[in-house]
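Dear colleague,

I am passing on the structure below, together with some notes on what came out of going through it. Please read the notes with the coordinates open beside them.

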Amino acid sequence: MLGRVKCAVAGFMGGIMAGGSSGGGCNPGSELPMKFPYMRPEFLGLSPDEIECSADHTTRPIVILRETRRLPWATGYAEVINAGKSALNEDQACCELVIARRRPMSYCPPSTPSKTPTAKRRNSLPNGEGLGLRLDHSKLGEDSEGLVFHYWALFDGHAGWGAAVVASRLMQHHIACQLQAVIEILRNLSSLPPTVLGEEPDTNPYLQGNPPGPHRSLTRAASLRGASGAPDSPCNTPPPPRFYTEKKIQHESLVIGAIENAFKEMDAQIEREKQVFHITGGCTALTVVYLLGKLYVGNAGDSRAIIIRSNEIIPMSTEFTPESERQRLQFLGFMQPHLLGNEFTHLEFPRRVQRKEVGKRMLYRDFTMNGWAYKTIEEEDLKFPLIYGEGKKARVLATIGVTRGLGDHDLKVHDSNIYIKPFLSCCPEVKVYDLAQCEHGADDVLVMATDGLWDVLSNQEVAESVTTFLANYDPDDLHRYTMAAQDLVMRARGVLRDRGWRITNERLGSGDDISAFIIPLMYGNHQP
Amino acid sequence: MAYAYLFKYIIIGDTGVGKSCLLLQFTDKRFQPVHDLTIGVEFGARMITIDGKQIKLQIWDTAGQESFRSITRSYYRGAAGALLVYDITRRDTFNHLTTWLEDARQHSNSNMVIMLIGNKSDLESRREVKKEEGEAFAREHGLIFMETSAKTASNVEEAFINTAKEIYEKIQEGVFDINNEVRHTSLCFSFLLKPLHSSSVPVFPLFLLSVVFQQCVWFATLPLS
């Protein structure tokens with residue numbers, strides 16, 4: 001009964017969004033079935049009624065992790081819906097323990113991505129619920145079947161919730177698939193990743209003194225480096241002569257590469273599945289992977305992650321916006337002018353050029369510049385600038401304010417045939433944080449949140465608020481990080497007064513969807 | 001699930017008086033002796049019938065602890081009814097009613113119907129607050145009053161439904177501004193309208209949408225006829 005209601009609600013909401021997100025009019029795509037129904041993060045365990053309550057735009061309840069539920073590492077989570085800009089909360093979140101198995105997983109795409117069939121099956125991965133602190137960390141990361149990694153992610157949807165929901169359900173599996181291909185190499189930290197796989201079976205004498213570990217996948221190239229590179233190498237035989245130099249690739253680069261390719265695969269899957277399912281809009285993606293003692297923060301979009309460690313702030317991501325990516329976008333417009341559809345110019349001017357100014361000299365900048373110079377205005381310069389607006393109002397092709405993310409495959413400039421997607425990148429920037437570099441206390445945390453939070457609170461304000469909150473909260477209460485997240489979201493949302501949502505000092509609160517994870521770092525210190 | 005009205009309730013009162021248990025008894029018809037502390041807010045919903053009309057109750061169950069007060073205060077908005085709960089076996093929870101009432105009156109609409117509930121009536125042997133005291137407090141402050149037991153389900157149904165009846169009467173009398181306190185939804189489009197209703201001008205989208213809808217139907221049928 002409840003299930004049926006849920007479907008009905010989801011169906012209806014999907015129907016609404018189908019009309020609303022396509023800018024009105026009839027969307028033929030809306031007749032397709034949905035890949036996934038609308039939902040809130042699985043770990044919240046909300047019923048359809050609760051989801052309906054949580055979508056109250058006037059009261060904007062802050063929804064937090066229930067007391068009976070635990071996330072890995074006692075992670076805290078809180079979210080709030082927007083003040084009315086979209087009917088549903090377009091942020092999505094995921095937090096799971098994921099196993100990358102040694103054997104290929106059924107849902108992994110084959111190695112030729114272009115011919116990948118639709119992933120049909122979700123495998124039953126553990127969701128980490130109830131595992132929280134009771135996990136034996138000495139064994140974590142070394143599941144006999146493969147590698148276990150911790151995973152947290154936020155997706156901020158736009159022009160519909162479809163892409164964000166799909167990404168929040170599937171991204172972790174893409175990361176697992178990519179890692180699966182390099183499990184053996186990642187587990188063998190004693191020697192660098194081989195340049196060429198399977199060149200020669202492991203019969204190499206140079207390696208015999210190395211610490212235990214599976215050597216089978218090693219190649220001669222890796223053995224050579226191990227022998228010549230490591231000062232504590234136990235072998236006495238001089239390495240055989242080499243006739244070329246070779247780049248040394250570290251293990252963590254393989255994890256970074258896996259995450260980058262997972263983003264690409266995720267984006268490709270959304271594009272493919274749009275043919276058969278109704279998937280609206282696009283989304284940003286911010287993922288955190290904890291694997292073998294290190295945190296890997298991958299970001300494509302304008303969400304943000306920072307580490308707060310004994311009052312020090314360490315930024316773990318940078319935002320990708322029309323302003324921060326101006327030169328990449330301008331260069332693309334310059335190289336591929338057809339993408340601008342004869343309506344936009346890749347040059348930037350401080351304001352729109354007026355017809356009467358043709359022939360005068362005006363400030364401009366090109367993709368080669370950070371500074372400004374004067375040029376004589378030509379007819380061509382009257383076109384609308386590719387990048388226009390400042391700060392949060394900056395837009396690419398007068399349409400979108402974020403330049404990396406997933407989805408948006410059929411997003412076009414209003415009333416034109418100009419596609420936005422070529423200017424968007426799904427490639428994340430991955431930053432690495434080695435948890436072993438120092439011991440972390442109970443108040444050292446990683447805060448990740450969607451732009452709803454960062455639009456109104458600075459890193460400094462977030463750090464102060466979290467640090468103060470945690471310092472005054474029972475250190476043994478496992479819910480302290482959720483309480484801190486609730487406090488943080490409350491600070492960014494503010495209180496509804498006569499003139500809208502207000503935060504401290506009468507500043508304007510965030511009217512956007514806000515979602516935040518607070519991840520304590522001390523649980524990552526006891527790595528295998 | 002179509003409904004004619006959607007009433008939002010908020011349950012308030014000291015921690016441990018049985019707010020969440022009342023909600024669980026009303027929505028799920030069961031009692032959970034050991035209930036986890038509510039942190040922040042939890043939600044429940046149930047459909048009831050008054051005067052032959054389907055009414056959906058959307059119930060916001062708040063945390064009673066002092067530390068949550070600033071957050072729960074923001075949840076009064078839009079509530080048509082409030083259940084103010086105390087525990088008949090703990091006098092202090094009765095003594096705090098004035099503070100709760102002040103909070104409620106300050107942060108909610110003046111027309112909000114408040115039901116005062118003395119909970120745990122099954123624990124007669126440990127009673128610290130007489131029923132007459134509850135009645136007197138309710139009379140003095142213009143509240144409805146009931147003693148309930150979330151454990152035995154005594155009066156739980158009545159508490160929620162009587163509050164709804166009171167709200168319904170106020171609507172009939174025109175006391176309630178239907179656009180602000182309660183949401184009236186045309187039967188078959190209740191889900192559809194819900195999101196629009198939550199906006200700051202709830203009535204206009206409804207009219208606009210119904211107008212648009214009628215036009216659509218009209219235009220759609222025109223070529224066929």
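In chain B, helix α1, which spans residues 19-28, is mostly covered, since 8 of its 10 residues are buried. The buried residues of α1(B) are Lys19(B), Ser20(B), Cys21(B), Leu22(B), Leu23(B), Leu24(B), Gln25(B) and Phe26(B). They pack against β1 (5-12), β2 (41-50), β3 (53-62), β4 (81-87) and β5 (113-119) of chain B, and also against α6 (156-173) of that chain. Just after α1(B) comes Lys29(B), for which phi is positive, at about 55 degrees.

Please bear in mind that this is a predicted model, for which the predictor gives the complex an ipTM of 0.76 and a pTM of 0.81. Chain B has an average pLDDT of 81, with 78% of the residues scoring at least 70. Over residues 184-225 of chain B, however, pLDDT stays under 50, and for this stretch the model has 46 contacts beyond four places in sequence.

Phe331(A) lies in helix α7 of chain A, residues 326-335. With a relative accessible area of 39%, Phe331(A) counts as partly exposed, because that class lies between the limits of under 20% for buried and over 50% for exposed.

With best regards

Terms used. Residues numbered from 1 in each chain as written. Chains lettered and ligands numbered in written order. Predicted model: local features only at pLDDT ≥ 70, side-chain atom pairs only at ≥ 80, totals over all residues. Heavy atoms only, no water. Helix = DSSP H or I, 4+ residues; strand = E, 2+ residues; numbered from the N terminus. Buried < 20%, exposed > 50% of the residue type's maximum accessible area, 1.4 Å probe, protein only. Contact = heavy atoms within 4.5 Å. pLDDT = per-residue confidence, 0-100.
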